[in-house]
Amino acid sequence: METFIIGVLSNWDLDEVKSVEAFRSDRYRSSGNAYLVQCEGSLFVLKRAKPKDTLFQMFTVLPKLYKRDVPVAVPIPTRDGREAVFLNGDSYYLVPFLHGTVISDHFGPGMERRSRSFGRALARLHVALRQIRLSDRPTEIDLQDQVRACESRAREYDMSLSVIAALRETSDTLSASAALPTQLIHRDAHASNVLFTDDEVSGWLDFELMTVGPRVFDLGYYSTSLLMDALGDPEKLERWLLTLGPLVSGYQAVDRLSENECALIPYVLLAIEAVFLSYYLRINDKGGVIQNARALEWIHDNLCQIRDAMFS
């Protein structure tokens, strides 16, 4: 066991610590920023994060979500009542272990059932988040601005005409459409941050990037995270399309989307890829640029199929 981590854990009233290990239960829970802590009869997760405003907002939001029956892990106060311990420029907070599985093969059996379950669970999360008021408003996603910035960067890096055309159409469509309603959203609702038990959502992870933005951003973020595992595999791409209808209908069974939100979901998918593409261009990650440019082009080339799959 790492001596430093044991020292951090001494800030909480825990039974005897039996073991501490970097959290690597599957390929998604392996960021190096979490430790699985086993005590006598109890499991916990110690998270490490950079202190920022969203972290303190998360400490306010998670208990309120829990009271509204959203399956989240609420941080455990330290011995002296603090939500986190701050050491060497990092913050550490402790949460109970949430049981469930991060699905590693979303294209396996139960795919459509899991998509519908995710849609329903996400809508319940959004309903709960809308009821929460924070003293300080979080930062807000400006999708149109981020797409424009990505287009400018793509031109600067002399990217393909198909990439630039997709970005231009996305920017023009968002500009010409009614503004998407915004609210508090998860912001990081990809496939690695949701737990399933028997193909039903049983837990939400990692609210550290929580922000204000269009609720369809979370819907699209989950969907594009699955798409990245399907690129280059025609069979998986066909199956990915099959996830879209259950995903959207599951959401709408709990919380209705407006006609404008429904119409813009395909362009939100493109905008999400633009956010990633811009990031990878900025840090000069060629692999990330290639992968997200491919995803952007594929979505743009298949907009009609995506719309039909979502709403047919």
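In this predicted model, D206 forms a salt bridge with K47, and their closest N and O atoms lie 2.6 Å apart; the term salt bridge stands for a side-chain nitrogen of Lys or Arg within 4 Å of a carboxyl oxygen of Asp or Glu. This pair links distant parts of the chain, since D206 sits in the loop between β8 and β9 (211-214) and K47 in strand β3 (residues 42-49), 159 residues apart. D206 is partly exposed, with a relative accessible area of 31%, whereas K47 is buried, with a relative accessible area of 10%. Here buried means under 20% relative accessible area, exposed means over 50%, and partly exposed lies in between, with a 1.4 Å probe and protein chains only.

The model is predicted, so that local features need pLDDT of at least 70 and side-chain atom pairs count only at pLDDT 80 or more, while totals for chains, interfaces and linings use all residues. Residues are numbered from 1 along each chain as its sequence is written, and side-chain values use heavy atoms, with hydrogens and water left out.

**Salt bridges**

| Pair | Closest N to O |
|---|---|
| D206 and K47 | 2.6 Å |
| E261 and R215 | 2.8 Å |

K50 is exposed, with a relative accessible area of 53%, but D90, at 15% relative accessibility, counts as buried.

E261 forms a salt bridge with R215. E261 belongs to helix α8 (residues 259-282) and R215 to helix α6 (residues 215-227), so the pair ties together parts that are 46 residues apart in sequence. Both E261 and R215 are buried, and they take part, together with R130 and D255, in a network of salt bridges.

**A hairpin and a buried isoleucine**

Strand β7 (residues 194-197) and strand β8 (residues 200-204) run antiparallel and are joined by 4 bridges; two strands pair if DSSP finds at least two bridges between them. T197 stands opposite E200 in β8. The two strands β7 and β8 form a hairpin with 2 residues between them, and D198 in the turn has a positive phi of about 50°.

I164 lies in helix α5 (residues 161-176) and is buried, with a relative accessible area of 9%. Leaving aside its neighbours within four places in sequence, I164 is in contact with E151, A154, R155 and M159, where contact means heavy atoms within 4.5 Å.

**The chain as a whole**

The protein chain has 10 helices and 9 strands, which are DSSP runs numbered from the N terminus, with helices being H or I of at least four residues and strands being E of at least two. For 312 residues, a compact globule would have a radius of gyration near 20 Å, and the protein chain agrees, because its value is 20 Å; the radius is taken over C-alpha atoms, and the globule rule is 2.2 Å times the number of residues to the power 0.38. Along its principal axes, the C-alpha trace of the protein chain spans about 60 × 40 × 40 Å. Of the 312 residues of the protein chain, 53% count as buried.
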